[in-house]
Amino acid sequence: MYRIEKKSFNYACVKVIDQVIFVWNKARIPTTRKDNAINKFKKLYNQLLYLFKHKDRKTELHRQQVCGFRLKMANLFDIGDADALKKIMIEEDRQFLLTQRELGRRGFISTEDVFTTQKDNRKMEREEKLRLYKEKVANRNSSNIYDFTSSDTEENHSSDNSSDDDFKVKEKKLKKVIASKKKLKPLITPELAGVLDRTKVGDRQATFIIGDTVKSLEEDINSFACSRSTIKLHREKIRQDMASFIKESFTPNSKLTVH
């Protein structure tokens, strides 16, 4: 390419490796880094140039070098990852790579695996939807905080007759939005978690009990973390801490026998 199309040698190497990686990706085989593959191709090409330069030699060493190069060209130009066999999840693809690495490159790529291709496409669609959803949630959370400040700025540009009362009302709204973003107060204490465990109260039942207790005390339930998942996480954390404390503090002075 670099001689016919007047391109640089590095440009030609990059284009060749791009085509090789494209084929390897079709076979679903993890490849090494692109720069490593390019260096390996350059080394192979320089070996070809060396043999071509000394093609008139009749020595036994030169003949062995030519035979070795021909054998290398008949086998696989391996740009697979060092842990490719561990990363490949499909056993059939793993066996295909092993057979390709054999002398003579036993095996070949047949038609496209429609089932696996459709599965990968569905996975890519799910990942794309998840990414878009996370961006949407992040934008919505940021817009909720700055909606009031941006509206104030627009009104100040449009009119200078806004009163102090309007500003105070919007300031209260802004404080309310920021307060809603504050961290919720935890309700589960080690003592409460112990009582719930001893009485065999599940996480769902504990949610109703704690929620009604907060309401009966005339507290704002929205300022407390009393969802089922939060209560479950707090109870598990307290159990782990208690188990670690007992294990560390258990230092018997005499030998013990376990029956």
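View 1. A pocket here is an open set of points on a 1 Å grid over the protein atoms alone where a 1.4 Å probe fits, with protein on both sides within 12 Å along at least five of seven lines; lining residues have an atom within 4 Å of a point. This is a predicted model, in which local features need pLDDT of at least 70 and side-chain atom pairs pLDDT 80 or more, while totals for chains, interfaces and linings use all residues. Residues are numbered from 1 along each chain as its sequence is written, and side-chain values use heavy atoms, with hydrogens and water left out.

Look for Asn-75, Leu-76, Phe-77, Asp-78 and Arg-105, which lie nearest the centre among the 26 lining residues. Helix 2 gives the most to this lining, seven residues, and helix 1 (9-26), helix 3 (60-74) and helix 5 each supply at least two. (Helices are DSSP runs of H or I, at least four residues, numbered from the N terminus.) The lining splits into 18 nonpolar, three polar and five charged residues, with Ala, Val, Leu, Ile, Met, Phe, Trp, Tyr, Cys and Pro counted as nonpolar, Asp, Glu, Lys and Arg as charged, and the others as polar.

**View 2. Thr-99 in helix 5.** Thr-99 sits in helix 5 (residues 91-100). Its relative accessibility is 14%, so Thr-99 counts as buried; buried means under 20%, exposed over 50%, and partly exposed in between (1.4 Å probe, protein chains only). Leaving out residues up to four places away in sequence, Thr-99 touches Arg-105 and Arg-106, where contact means heavy atoms within 4.5 Å.

**View 3. The largest nonpolar core.** This core has 14 residues, and Ile-17, Trp-24, Ile-29, Ile-79 and Leu-97 have the most contacts inside it. Helix 1 gives the most to this core, with four residues. A nonpolar core is a set of buried Ala, Val, Leu, Ile, Met, Phe, Trp, Tyr and Cys residues joined through side-chain atoms within 4.5 Å. Zoom in on Ile-17 and you'll find Phe-41 and Phe-77 among the residues it touches.

**View 4. Met-242 in helix 10.** Met-242 belongs to helix 10 (residues 228-249). Met-242 counts as partly exposed because its relative accessibility is 42%. Pro-190 is 52 residues apart from Met-242 along the chain, yet their C-alpha atoms are separated by 8.6 Å.
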